[in-house]
Amino acid sequence: MKAVSIQAFGDPGGLAVIDIPVPAPGRGQVLVATEAIGVGGVDVLIRSGALAARGFRKGFIPGSEVAGTVTAVGDGVDEAWAGRRVWAFTGSGGYAGQAVVPSKKPSPSPANLSSVDSVALGTSGVVAYSGLAHAHFTPGESVLVRGAAGSIGTMTVQLAVRGGVGAVAVTTSSAERGERLRELGATHVLDRQGDGDGPAGYDVIIDVVAGADLPSFLDLLNPNGRMVAVGAIGGQPSADFGTKLISAFKKSLSFGTFSADTVPAPDRRAVQADQVTTASRGELSTVVHEALPLEKAALAHRKMDAGEVFGRIVLTP
């Protein structure tokens, strides 16, 4: 079967289409014939070499979430899984025609939600929901979503609106993207530096970007404000960014990080089930930038590197 692996770390040209045997599911595993494969920010970081310290090696097949149909089950797995349409978190190995997944990881996909839409929702919905919960967001509060044009950002905007937000501002790179975010519920559009016609301060900031400009956004928090970093697509902030919190001691500000890895599996599945049902009713938008053939994985990564993607870009075998 066809797969895409990293043959050289660095630019997207290091991704190559290869032929590998179809894997067989082991005990406690299922085999999923992929119909849609999510291209995530972590895939880009791995491919670029930014996470080399974590032990990634040449030949690694990226891709942490897929949607498709279960074609085989391993020992100890209920046969009823065979033939079911699912979304699944693979962790790695998703850029392939078929992927092996632990049987506890798939979630059923309703008939009226496409595989592409299932992947567009996927972990992004869980991160957006949990990021707001981690920030102790309550109805009526103001929220700023930094880096709102990606899949996590577009979901955070929608979930904040559904949660009764008082105002939801977004940072983005263009007026066109700003208008699309307004269609999802954003009330204020700011530039990447946080400048624009928005509230003077925010109760909650959900940050997908991090990077060198992170400390300046701490200045935009209201007293008792909370900032949660749910991503770091812009890289690491300066090592001394915490001095901002100390210098504003009397405002009682809080900063935290959030990873979906800390959400217990039953809670994660419950959130996903609720969001899938909501999306299948048309009450939550899955934002798909483009679906490209698996063989175009390098092009998908170039679009990610160039900041062209609004929502989620998806690969299809």
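**A tour of the salt bridges**

Select Glu-65 and Arg-312: they form a salt bridge, with their closest N and O atoms 3.4 Å apart. A salt bridge here is a side-chain nitrogen of Lys or Arg within 4 Å of a carboxyl oxygen of Asp or Glu. Glu-65 lies in strand S4 (residues 65-73) and Arg-312 in strand S15 (residues 312-316), so this pair ties together parts that are 247 residues apart in sequence. Helices (H or I, at least four residues) and strands (E, at least two) are DSSP runs, numbered from the N terminus. Glu-65 and Arg-312 are both buried. Buried means under 20% relative accessible area, exposed over 50%, and partly exposed in between (1.4 Å probe, protein chains only).

Before the next stop, note that this is a predicted model: local features need pLDDT of at least 70, side-chain atom pairs count only at pLDDT 80 or more, and totals for chains, interfaces and linings use all residues. Residues are numbered from 1 along each chain as its sequence is written, and side-chain values use heavy atoms, leaving out hydrogens and water.

Now select Arg-47 and Asp-305. Their side chains meet in a salt bridge (2.8 Å, N to O). The pair links distant parts of the chain: Arg-47 is in helix H1 (residues 41-48), Asp-305 is in helix H8 (residues 297-305), and they are 258 residues apart. Asp-305 is partly exposed, at 44%.

Next, pick Lys-303 and Glu-308. Their salt bridge spans 3.8 Å, N to O. Lys-303 is buried at 16%, while Glu-308 is partly exposed at 41%. Salt bridges link Glu-290, Lys-303 and Glu-308 in a network.

In total, the structure holds 10 salt bridges.
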